[in-house]
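Open the model in your viewer and keep the selection tool at hand. Each stop below tells you what to pick and what to look for.

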Amino acid sequence: MFDKVLVSDDLDVINEGVFSVLKELNIKYVDKTQYCDDSYLKIKKAIFDNDPFQLLITDLSFKADYREQKFPNGESLIKVLRKELIPIKIIVFSVEHKLQRIQSLFYKNDINAYVCKGRSGLKELAIAINKVNSGKHYLSKSIEKALDSRLILNIDDFDIELLQQLSKGFSQEQISRNFKNNNTNPSSLSSIEKHINRLKVQFQANNTVHLISIAKDVGLI
């Protein structure tokens, strides 16, 4: 089991709950921070002291206050740790359910587990810690669709906005006007039609209604 763990969350009540889980797992040393900048500094100092943290448990959202932060959220902290090739296991513990963002954390930022805060969050966190300790990945049951193979192929912010517009019942002509008014590109009717057809093929949708249904099912909108 991990010997040294850092918990990064700006809410004391969350930290206390996580600490109780870590105590039950008999983890020897646990430290906490309420700012991502402090987490980064602690991780770097521990490496310098030749006593590195083995696991980081971090939230994604941190409420801004009077302190100016170089790393204002958990995602920016994770990115710099991976960019600097710091060999620390990372578990995200968050209320965020946006599947595209979760997928990015796994495939682009190489996190080891994602646990959703909630009624069973602490129980799932204990499972995740054990899984990650044994070299496996973990994803909360409620968001397993984040790693759906259909989401791995070329889904970007434009596609998400297009799907959201379609889900609101806008026609392609209306979407084109909306995109032009909001300076969203591409906004031409032909481009929107091409994107919709590509999404239908990718998600194997029979029509636009079916496409929206699938997009909702996998959590894109």
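Start with helix H6, residues 157-167. What covers the buried residues of H6? The cover includes H4, H7, H8 and helix H9 (208-217). Helices here are DSSP runs (H or I, at least four residues), strands are runs of E of at least two, and both are numbered from the N terminus. The buried residues of H6 are Phe158, Asp159, Ile160, Leu162, Leu163, Gln165 and Leu166. Buried means under 20% relative accessible area, exposed means over 50%, and partly exposed lies in between, with a 1.4 Å probe and protein chains only.

Before moving on, note that this is a predicted model: local features need pLDDT of at least 70, side-chain atom pairs count only at pLDDT 80 or more, and totals for chains, interfaces and linings use all residues. Residues are numbered from 1 along each chain as its sequence is written, and side-chain values use heavy atoms, with hydrogens and water left out.

Now step past the end of H6. Glycine 169 follows this helix. Its phi is positive, near 90°.

**Helices H7 and H8**

Select H7 (residues 172-181) and H8 (residues 189-202). Their axes come within 9 Å and cross at roughly 115°. An axis is a line fitted to C-alpha atoms, for helices over the stretch in contact, and angles run from 0 to 180 degrees between N-to-C directions. The crossing of H7 past H8 is right-handed.

Show the side chains next. From H7, pick Gln172, Glu173, Ile175, Ser176 and Phe179. They meet Leu189, Ile192, Glu193 and Ile196 of H8. By class, this contact has five nonpolar, two polar and two charged residues. Contact means heavy atoms within 4.5 Å. Ala, Val, Leu, Ile, Met, Phe, Trp, Tyr, Cys and Pro count as nonpolar, Asp, Glu, Lys and Arg as charged, and the others, Gly among them, as polar.

Aspartate 159 is buried at 0% relative accessibility, and arginine 198 is partly exposed at 31%.

How many salt bridges are there? The count comes to eight, where a salt bridge is a side-chain nitrogen of Lys or Arg within 4 Å of a carboxyl oxygen of Asp or Glu.

Go to aspartate 31 and lysine 42. Their closest N and O atoms are 2.9 Å apart. Aspartate 31 lies in strand E2 (residues 29-33) and lysine 42 in helix H2 (residues 36-48), so this bridge ties together parts that are eleven residues apart in sequence. Is aspartate 31 buried or exposed? Aspartate 31 is buried, at 16%. Lysine 42 is partly exposed, at 30%.

Next, pick aspartate 59 and lysine 117. This salt bridge also has its closest N and O atoms 2.9 Å apart. Aspartate 59 sits in the loop between strand E3 (55-58) and helix H3 (74-83), and lysine 117 in the loop between strand E5 (113-116) and helix H5 (121-133), so the pair ties together parts 58 residues apart in sequence. Aspartate 59 is buried at 7%. Lysine 117 is buried at 15%.

**Aromatic pairs**

Three aromatic pairs are counted. Rings of Phe, Tyr and Trp (its six-membered ring) pair if their centres lie within 6.5 Å; planes under 30 degrees apart count as stacked, over 60 as edge-to-face and the rest as tilted.

One of them joins tyrosine 29 and phenylalanine 53. The pair is tilted, 6.3 Å centre to centre with 40° between the planes. Tyrosine 29 lies in strand E2 and phenylalanine 53 in the loop between H2 and E3, so the pair ties together parts 24 residues apart in sequence. Tyrosine 29 is partly exposed at 40%, whereas phenylalanine 53 is buried at 7%.

Then select tyrosine 40 and phenylalanine 71, a tilted pair at 5.1 Å and 55°.

**Last stop**

Finish at asparagine 109, in the loop between helix H4 (99-107) and E5. Asparagine 109 is buried, at 7%. Leaving out residues up to four places away in sequence, asparagine 109 touches Ile78, Lys79, Arg82 and Ser104.

Technical notes: A crossing is left-handed if the near helix is turned anticlockwise from the far one by less than a right angle, and right-handed if clockwise.
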